[in-house]
Amino acid sequence: MGRAVVDAVTAADDMTVSCGVDPHADGACGSFPVHASVPEALDAHEVDVMVDFTQPAAVAENVRCALARGVDCVVGTTGLAREALEELAAGAQGAAALFYAPNFTTGAVLMMQFAKAAAPFFPEAEVIEFHHCNKKDAPSGTAMQTARLIAEGRQGRASAAPGAETEVEGAQGARGALVDGVPVHAVRSMGYVASQEVVFGSTGQTLSIRHDSWDRESYMPGVLLGIRSVGELTGLVVGLDSLMGAQAGL
């Protein structure tokens, strides 16, 4: 993802890569310098936006450092709870903003909105997400957000489908993780980048909503939109949908 973001920013005519951060770097990566840490990078360069696609164990400290120096942040690293994001945004210097999106593909954002719209009409819903075998968190941030949106759409109504109480001894977890009352199943395998299917059921019918990303370039229009927009934001803003409406003039 880091390389894909660098390529997208380099190709854009209204932004420039100032530097990169890589703890295993040797000091340069093509046309820009690379530093071992975020503090080192920010000491050496004046930047407007930091983009973070790292790991759950590293992202919080990276963002905390950048916001404390007044640098806007665009974050696609999942694994942070809402409370942690709010705590990070509260530590921002000046008008620095934190924009976080569990998914930067427009199709995935629409899938989540469609799922929320369908939720009041289908008593049962399950989320199945598929990612590459090197993903560090499970379930994905997209799956977690989808489940939360389905719960919002249900308006307090609970599923009647059997849950963990029906799992066979020795096969616990078969019904998946329960996120706001919605079962979520995570598949990790070679052959995937990122895919997700939401399966709804009601009497005599099912509805499936699916989105597939086959290449990391699918994320880049959303990342660039976040970079271009974050300077106009304040505090914590979550979700690409919050920017897509403005872009479309809605």
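These legends walk through close-up views of one predicted model. Residues are numbered from 1 along each chain as its sequence is written, and side-chain values use heavy atoms, with hydrogens and water left out. In this predicted model, local features need pLDDT of at least 70 and side-chain atom pairs count only at pLDDT 80 or more, while totals for chains, interfaces and linings use all residues.

**View 1. The mixed sheet of 5 strands, S8-S9-S7-S10-S11.** Here's an open sheet with mixed pairing; two strands pair if DSSP finds at least two bridges between them. Helices (H or I, at least four residues) and strands (E, at least two) are DSSP runs, numbered from the N terminus. Strand S8 (177–179) and strand S11 (205–213) sit at the edges, and each pairs on one side only. From one strand to the next, the twist averages 25°; axes are lines fitted to C-alpha atoms, for helices over the stretch in contact, and angles run from 0 to 180 degrees between N-to-C directions. Zoom in on S7 (residues 124–131) and S10 (residues 194–202): they run antiparallel and are joined by 8 bridges.

View 2. Contact means heavy atoms within 4.5 Å. By that rule, and leaving aside neighbours within four places in sequence, Ile150 is in contact with Ala115, Ala119, Ala125, Val127, Val182, Val198 and Phe200.

**View 3. The parallel sheet of 4 strands, S4-S5-S6-S12.** This one is an open sheet too, with parallel pairing. Strand S4 (49–52) and strand S12 (235–238) stand at the edges with a single partner strand each, so one side of each has no neighbour in the sheet. Neighbouring strands are turned by 15° against each other on average, direction ignored. S5 and S6 run parallel and are joined by 3 bridges, and Val74 stands opposite Phe99 in S6. Helix H4 (residues 82–90) lies across S6 and S12, at about 145° to S12.

**View 4. Val75 and its surroundings.** Val75 lies in strand S5 (residues 72–75). Is Val75 buried or exposed? Val75 counts as buried, at 1% relative accessibility (buried means under 20% relative accessible area, exposed over 50%, partly exposed in between, with a 1.4 Å probe and protein chains only). Leaving aside neighbours within four places in sequence, Val75 is in contact with Asp52, Val59, Val63, Leu98, Phe99, Tyr100, Ala101 and Phe104.

**View 5. The nonpolar cores.** A nonpolar core is a set of buried Ala, Val, Leu, Ile, Met, Phe, Trp, Tyr and Cys residues joined through side-chain atoms within 4.5 Å. The largest has 46 residues, of which Phe99, Phe104, Ile150 and Phe200 touch the most other members. H5 supplies the largest share of this core, 6 residues. A second, separate core of 19 residues includes Val38, Leu42, Ala66 and Leu80.

**View 6. Thr105 and helix H7.** Thr105 lies in the loop between strand S6 (97–100) and H5, and is buried at a relative accessible area of 2%. Not counting residues up to four places away in sequence, Thr105 touches His211, Ser213, Ser218, Tyr219 and Leu240. In helix H7 (residues 220–229), 8 of the 10 residues are buried, so the helix is largely enclosed by the rest of the structure. Among those buried residues are Met220, Gly222 and Val223.

**View 7. Salt bridges between parts of the chain.** A salt bridge is a side-chain nitrogen of Lys or Arg within 4 Å of a carboxyl oxygen of Asp or Glu, and the count comes to 11. Asp43 and Arg69 meet at 2.6 Å, N to O. Asp43 lies in helix H2 (residues 38–44) and Arg69 in the loop between helix H3 (56–68) and S5, so the pair ties together parts 26 residues apart in sequence. Asp43 is exposed at 59% relative accessibility, whereas Arg69 is partly exposed at 40%. Arg64 bridges to Glu87, with the closest N and O atoms 3.1 Å apart. Arg175 and Glu126 come to 2.9 Å between their closest N and O atoms; Arg175 is in the loop between H6 and S8, and Glu126 in strand S7, 49 residues apart. Finally, salt bridges that share partners join Glu61, Arg64 and Glu87 into one network.
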